[in-house]
Amino acid sequence: MSALTPEIILALDLEDREQIHQVLEKTGDRLSWVKVGLQSYLRDGPSLVRELASSGKKVFLDLKLHDIPNTMTKALESLVDLPVGLITLHACAGPEALEKCAGFANKHMPNVTLLGVTVLTSTNQEGLNAIGVNNPVDDQVLRLASLAVNQGIGGIVCSPLELPLLRKSLPASTALVTPGIRPLNSAVGDQKRIMTPGQAKQAGANFLVIGRPILAAVNPRDALDSILQELNSTNL
Ligand code: C5P
């Protein structure tokens, strides 16, 4: 992936389909990518994805798959006809699951890039220690990211703080996708490892996943515009 202005992916973490339509009406053509996560997919299912795709949006399906290798590959098989461009799986599912999923997607999902989730952006060192992982967060992220890329996964989800490390450590073709984006003065919420949009651009992100800073804004269109403006005025 070349160093360019990252694309914004709007996380459609909303209460119902009506709210999704309302926010997309407000943000309009400024936005190419949307993210359908567990909240929306479990409620609205494949029909929501098809509807978004037929309205011209590119869809990131954020299911964060994590299971035994056979179940993960079968899960991908169930998604083979869906019009999506990005799908997440947890890199900590391990080498066999990652290799099998990458192999399946290469063969049967030519338009999909699989993304390996490393350490969730809501997890900090204390959270890692609590689940028995005593590696520093950076080391754990690099370990999981390298594992995923070595098994043929095309992109990585990481916190913006790890972008410089991953950009220099992984092949340039690896897509780096980062949530944990907070424009100055916006509420941090449960995110712990965050950056502003401009900082994430400079650190080498290809995609910024943004939810609440746009969704919870009094005017989502203005919030999106100001993020786009910040990105365009930030030099690499
Ligand atoms: O509202 P906010 O901007 O925090 O939304 C971030 C989105 O990115 C959420 O949909 C969340 O599930 C997702 N995400 C994350 N951290 C990861 C992977 C995905 O926050 N490591």
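1. A charge is counted as sitting over a ring if NZ of Lys or CZ of Arg is within 6 Å of the ring centre and within 35 degrees of the ring normal. In this predicted model, K35 lies over the face of F60, 5.9 Å from the ring centre.

2. On the basis of the note: the model is predicted, local features need pLDDT of at least 70, side-chain atom pairs count only at pLDDT 80 or more, and totals for chains, interfaces and linings use all residues. Residues are numbered from 1 along each chain as its sequence is written, and side-chain values use heavy atoms, with hydrogens and water left out.

3. The side chain of D13 places an N or O atom 2.7 Å from an oxygen atom of the ligand, and a polar backbone atom of R212 is 2.7 Å from a ligand oxygen. Of the 470 Å² that the ligand exposes when taken alone, the protein buries 87% (Shrake-Rupley method, 1.4 Å probe).

4. The ligand is surrounded by 16 residues (a heavy atom within 4 Å). The closest are D13, K35, T121, R182 and R212.

5. The structure holds 1 aromatic pair (ring centres within 6.5 Å; planes under 30 degrees apart are stacked, over 60 edge-to-face, the rest tilted). The ring centres of W33 and F207 are 5.4 Å apart and the planes stand at 75 degrees, so the pair is edge-to-face.

6. Both W33 and F207 are buried (under 20% relative accessible area, 1.4 Å probe, protein chains only).

Note on methods: Rings of Phe, Tyr and Trp (its six-membered ring) pair if their centres lie within 6.5 Å; planes under 30 degrees apart count as stacked, over 60 as edge-to-face and the rest as tilted. Buried means under 20% relative accessible area, exposed over 50%, partly exposed in between (1.4 Å probe, protein chains only). A polar contact is a pair of N or O atoms within 3.5 Å; within protein, one must be able to donate a hydrogen and the other to accept it, and residues adjacent in sequence count only if both atoms are side-chain atoms.
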